[in-house]
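Here is a short report on helix packing and sheet pairing. Keep the model open while reading.

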Amino acid sequence: MKNIVIFGASGQLGSCFKQIAENEGITDIYFPGETEANILDEYALKNIFEAQRPTYAINCAAYTAVDKAEDDYQTADKVNKVGAANLAKFCAEYGTTLIHVSTDFVFAGNEPTPRIEGDIAAPINAYGQTKLDGELAISSAMEKYFILRTSWLYSEYGNNFVKTMLKFGAEREQLTIIADQVGTPTYGIDLAYAIMEIINTESTAYGLYHYSNEGVASWYDFAKAIFDLSETHVKTLPIPTSAYKTRAVRPAYSVMDKSKIKNALNIEIPYWRDSLAICINRLKNN
């Protein structure tokens with residue numbers, strides 16, 4: 001009997017796990033509230049681990065406000081590094097396997113080839129640096145962990161690019177979208193299912209992995225697909241990054257190679273546009 005605890009259960013990915021648990025009738029998965037499972041509160045974490053004795057802890061808790069992190073580094077660092085370190089400490093103490101979600105933003109994005117896990121991480125913004133520091137905190141504290149770097153996460157839940165584009169597309173006649181930042185959109189439900197597959201197979205091939213949907217897209221490609229699949233009629237114009245200033249610098253190319261997770265963990269990965277169609281259909285039906 002596995003016992004799974006989700007940290008960050010109220011966020012976008014945590015909500016995807018709730019949907020999967022409901023769909024699949026999974027009962028050995030626990031979704032504590034934010035106060036009960038605050039990853040910055042060691043007393044709260046001690047109580048959770050003592051009460052639940054989890055076989056797996058899934059860390060979906062993260063500070064993800066990329067631009068805000070530039071001016072609020074201390075908070076981002078606390079959540080993304082210190083929080084991850086706290087979880088690793090208790091997982092090691094209780095013999096729990098930690099599954100931690102990280103980001104493609106650990107890469108500088110200045111080389112136009114898909115990144116593999118062994119490539120040098122060199123973040124170019126505060127968010128990416130705090131997420132990398134979280135990875136290092138975990139890998140230095142324990143052995144039974146899976147770190148999954150993902151990218152451009154969206155779903156029916158929370159705030160994300162798909163829901164923002166659908167909102168803007170309904171309100172405006174014209175949108176300008178960045179066309180020279182390239183990566184891969186990732187459907188949160190697909191990522192959650194991949195993590196559940198790791199748990200169900202009881203894999204011990206611990207370590208660092210890349211997981212995004214298959215394929216490559218710019219933000220402009222992504223937006224166009226959203227409008228095409230949702231039959232939203234809005235004029236969409238491509239612009240360069242230089243025309244849209246943001247507080248944080250983003251990687252120009254952050255496509256990740258998924259060979260390792262497919263070969264070592266036998267994970268099947270859907271194509272990004274196929275998954276986007278499923279998400280938009282669900283949003284329309286809801």
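In what sense do strand β5 and β10 pair, and over how many bridges? Strand β5 (residues 145–150) and β10 pair in the parallel sense, over four bridges. F146 has G207 of β10 as its bridge partner. The model is a predicted one.

**The sheet**

The pair belongs to an open sheet of six strands with parallel pairing. The strand order is β2-β1-β3-β4-β5-β10. Its edges are β2 and β10, each pairing on one side only. Helix α5 (residues 126–141) packs on this sheet. There α5 touches β4, β5 and β10. The direction of α5 makes about 160° with that of β4.

| β2 | 29–30 |
| β10 | 207–210 |

**The helix pair**

Two packed helices are described by the angle between their axes and the distance between the axes. For helix α1 (residues 12–24) and helix α7 (residues 188–200), the axes come within 9 Å and cross at roughly 65°. Angles of 65 to 115 degrees count as roughly perpendicular, so α1 is roughly perpendicular to α7. Their crossing is right-handed.

Which residues make the contact? From α1 come L13, C16, F17, Q19, I20, N23 and E24. From α7 come G188, I189, L191, A192, Y193, I195 and M196. By class, the residues of this α1 and α7 contact comprise ten nonpolar, three polar and one charged.

How values were computed
Residues are numbered from 1 along each chain as its sequence is written. This is a predicted model: local features need pLDDT of at least 70, side-chain atom pairs count only at pLDDT 80 or more; totals for chains, interfaces and linings use all residues. Side-chain values use heavy atoms; hydrogens and water are left out. Axes are lines fitted to C-alpha atoms, for helices over the stretch in contact, and angles run from 0 to 180 degrees between N-to-C directions. Helices (H or I, at least four residues) and strands (E, at least two) are DSSP runs, numbered from the N terminus. Angles under 35 degrees count as roughly parallel, over 145 as roughly antiparallel, 65 to 115 as roughly perpendicular and the rest as oblique. A crossing is left-handed if the near helix is turned anticlockwise from the far one by less than a right angle, and right-handed if clockwise. Contact means heavy atoms within 4.5 Å. Ala, Val, Leu, Ile, Met, Phe, Trp, Tyr, Cys and Pro count as nonpolar, Asp, Glu, Lys and Arg as charged, and the others, Gly among them, as polar. Two strands pair if DSSP finds at least two bridges between them.
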